[in-house]
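Here is a short note for a colleague who is opening this structure for the first time. Please keep the view open while reading the points below.

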Amino acid sequence: MAKLYFYYSSMNAGKSTTLLQSSFNYQERGMATMLWTAAIDDRYGHGRIASRIGLEQPAHLFDPQSDMFAAIAASHQATPLSCVLVDEAQFLTRTQVWQLAAVCDRLGVPVLCYGLRTDFQGELFDGSAHLLGLADALTEIKTVCDCGRKATMNLRVDGQGRAIRQGAQTEIGGNDRYVALCRRHFVEQMQG
Ligand SMILES: [Zn+2]
């Protein structure tokens, strides 16, 4: 049975690197993959998944209106897919998470989703909430805080490195950055 996988983490844990490596493992065996990323994320130019260590691949873009089941089914009919990989999966809608579950259950194609568990205020992203609820397999991609504990939280900081405590869940085109911290140090920064 094809499974829906959710690989979740904090920022800068190497999600995109892991995704591209998984895709490569399929392609190396002559198996076709289909890559997706969020239209919202234009850090590396439209329609690409790029990792911080220099790997990159073209990808299809999803926005909240995309019918991912229809697009994947059409592609699968033209060239049978061995795997679908979705980056920035925190931006999926509830409907799209169900569509990806249908890709597994009705098309028999495994779907690997990679995304952030929570936002800069420690709240679940919508896509991640539904993936945590529906995925067959959950795997945490781990990274560390400066103190050595596991970093599970994402602190948003401004250009001077000061914590940003309020604002929209997703800031587009600002100079804000994110720092992965353990919960204790995240709370200190958010209350400090
Ligand atoms: Zn810490």
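1. Start with Ser10. Ser10 sits in the loop between strand E1 (4-9) and helix H1 (15-28). This is a predicted model. Ser10 has 1% relative accessibility, so it counts as buried. The cut-off for buried is under 20% relative accessible area.

2. What does the side chain of Ser10 reach? The side chain of Ser10 comes to 3.0 Å from the backbone oxygen of Ala151. Apart from neighbours within four places in sequence, Ser10 is in contact with Lys15, Leu116, Thr143, Ala151, Thr152, Met153, Asn154 and Ala180.

3. Stay in the loop between E1 and H1, where Asn12 also lies. Asn12 is not a glycine, yet its phi is positive, at about 60°. With a relative accessible area of 36%, Asn12 is partly exposed.

4. Glu88 is placed in the loop between E6 and H3. Its phi is positive, near 55°, and Glu88 is a residue other than glycine. Buried or exposed? Glu88 is buried, because its relative accessible area is 9%, and the limit is under 20%.

5. Now the largest nonpolar core. This core has 27 residues, and Val86, Leu92 and Cys113 touch the most other members. E1, strand E2 (32-38), helix H2 (68-78), strand E6 (81-86), helix H3 (94-107) and strand E7 (111-116) supply at least two residues each. Which element gives the most? H3 does, with 6 residues. In soluble globular proteins, nonpolar side chains tend to be buried together.

6. Leaving out neighbours within four places in sequence, Cys113 is in contact with Leu4, Tyr5, Phe6, Tyr7, Val86, Ala89, Leu92, Leu100 and Leu131. A second core is separate and has 12 residues, among them Ala13, Leu20, Ile49 and Tyr114.

7. Finish at the zinc ion. Which atoms coordinate the zinc ion? They are Cys145 (SG), Cys147 (SG), Cys182 (SG) and His185 (ND1), at 2.0 to 2.3 Å. Along the chain, the donors follow the spacing C-x1-C-x34-C-x2-H. The 4 donor atoms subtend angles of 97 to 120°, so the arrangement is tetrahedral. The ideal angle for four tetrahedral donors is 109.5 degrees.

8. Cys145 is buried, with a relative accessible area of 6%. Cys147 has 37% relative accessibility and counts as partly exposed.

Key. Residues are numbered from 1 along each chain as its sequence is written. This is a predicted model: local features need pLDDT of at least 70, side-chain atom pairs count only at pLDDT 80 or more; totals for chains, interfaces and linings use all residues. Side-chain values use heavy atoms; hydrogens and water are left out. Helices (H or I, at least four residues) and strands (E, at least two) are DSSP runs, numbered from the N terminus. Buried means under 20% relative accessible area, exposed over 50%, partly exposed in between (1.4 Å probe, protein chains only). A polar contact is a pair of N or O atoms within 3.5 Å; within protein, one must be able to donate a hydrogen and the other to accept it, and residues adjacent in sequence count only if both atoms are side-chain atoms. Contact means heavy atoms within 4.5 Å. A nonpolar core is a set of buried Ala, Val, Leu, Ile, Met, Phe, Trp, Tyr and Cys residues joined through side-chain atoms within 4.5 Å. Donors are N, O and S atoms within 2.8 Å of the metal (3.2 Å for Na, K and Ca); water is not among the atoms, so sites may look incomplete. Four donors count as tetrahedral if all angles lie between 85 and 135 degrees; four count as square planar and six as octahedral if opposite donors are over 155 degrees apart and all others between 65 and 115; anything else is irregular.
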